[in-house]
Amino acid sequence: MEPIVDAGDFPASRKSAYLNTASVCLMYRGAEASTTDWFKDLTENGTLTFDEAAEESVFEGLHVAAARLFNARPDDISVGSSATELLASLAWAVAPGPEANVVGTEITFPSTIYPWARVARSTGFEVRLAEARNGYVSPDDLIRLIDSNTAVVCISDVEYSTGQLYDVAKLAEAAHKHGALLVVDASQSAGAVPIDVAASGVDALVAASYKWLCGPFGVAVLYLAPHLQGKLDPGLVGFRSHREMWNLKADRVEYAETARRFEFSTMAYGCALGLTAAIEYLLGIGIDRIFERNKRLADLLIEGLRERNAEVVSPQDEKERTSIVAARFPGADPKEIARHLSSRQVVVSARRDVLRFSPHLYNEPDDIERALDEIDRFVRSEAD
Ligand SMILES: Cc1ncc(COP(=O)(O)O)c(C=O)c1O
């Protein structure tokens, strides 16, 4: 398997067998440079260079890059400080009423559903979560929860704990048949799994920067389908929400007609520039290529885990899998294994009752071998 990145682009990648991107990525060096250049310029020049015009146009590059990543238009993209923040603003904007329901999964990352649950406590709608059996949610079970009262289906297209990948186009069709919106949290897919909002019919999508996009903390993006842009009243508003942000009058707010209406305040702007650099870098390599190679790394891992009698919990169907691999080791606590691995510079996470491995483009087959060797060492030490 050929490397697809220059190891110098990810300085930390040779220091450990880093199999933890589903938690936090190794940041791309170019993203770090763009982020810190902005802070340095602010330190040295203040608004002499970061003037009002610069602040107003600061997200333009990210609008373009994220639009390319999702097959959308720059006007469909909004920038915020975190995926949770953007989703919370969206949930308050949609604010389904007391007769409605919102559908998700019980194993979703809490941030994907908490914003809806919070709005539900105010407006009274029902939150319905599809059950998981042994870590797997049957898409048919999920679809069965959707009915004529469903306002929103909100899922993470890749489940954070098992890597289960949903057929987003199928879910969009099921939601739309009942007049519901499909909202996707792509924090565990953007940068690693091809996303095409135009082809899949997603209504809104958010993505964090610091996982598979290899960007910094402090920034996230929202895609909003054109049919929603003129309609929604964002849950979070501030001076930037007005369509001319420097026309500072407190007695009214008129939103932009684009997704930009969800941009409401200042933020650590350098992070947006860092994420732009990261997305451009990943697009240069190709998301399809990254996706396929990551899954080949996962194949090596799954083979080795099976040889060691581990139970692989992640889906095996090619259409439902990603490079996130969750496994159980009979009689062993995943937290203890993770601790042992980490002391040997093999970085993974214990999530729920599984050990989660999440290789990305900077990993090589020898990282997988190291992880498997250290699991053997752990098993031997337990047996002693
Ligand atoms: C699916 C999913 N959504 C959202 C988040 C958190 O995103 P943020 O920190 O940008 O709010 C995570 C973090 O693990 C996640 O896995």
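Two strands pair if DSSP finds at least two bridges between them. Helices (H or I, at least four residues) and strands (E, at least two) are DSSP runs, numbered from the N terminus. The model is predicted: local features need pLDDT of at least 70, side-chain atom pairs count only at pLDDT 80 or more, and totals for chains, interfaces and linings use all residues. Residues are numbered from 1 along each chain as its sequence is written, and side-chain values use heavy atoms, with hydrogens and water left out.

**View 1. Strand β7 and its two partners.** β7 covers residues 204-208. β7 and β8 (residues 220-224) are antiparallel and share 5 bridges. Here alanine 207 has valine 221 of β8 as its bridge partner. β6 (residues 181-185) runs parallel to β7, with 3 bridges.

View 2. How many of the residues of β7 are buried? The count is 5 of 5. Buried means under 20% relative accessible area, exposed over 50%, and partly exposed in between (1.4 Å probe, protein chains only). Ala204, Val206 and Ala208 lie on one side. Leu205 and Ala207 lie on the other. Both faces are covered.

**View 3. Threonine 112 in helix α5.** The helix spans residues 110-123. Is threonine 112 buried or exposed? Threonine 112 is buried, at 0% relative accessible area. Leaving aside residues up to four places away in sequence, threonine 112 touches Leu87, Cys154, Ile155, Ser156 and Asp185. A contact means heavy atoms within 4.5 Å.

**View 4. An open sheet of 4 strands.** The order is β9-β10-β13-β12, and the pairing is antiparallel. β9 (311-312) and β12 (349-351) are the edge strands, each with a single partner strand, so one side of each has no neighbour in the sheet. β12 and β13 (residues 354-357) run antiparallel and are joined by 3 bridges. Serine 349 sits opposite arginine 356 of β13.

**View 5. The whole chain, for orientation.** The protein chain has 13 helices and 13 strands. The radius of gyration is 21 Å, close to the 21 Å that the globule rule gives for 384 residues, so the chain is as compact as a globular protein of that length. This radius is taken over C-alpha atoms; the rule is 2.2 Å times the number of residues to the power 0.38. Buried residues make up 56% of the 384.
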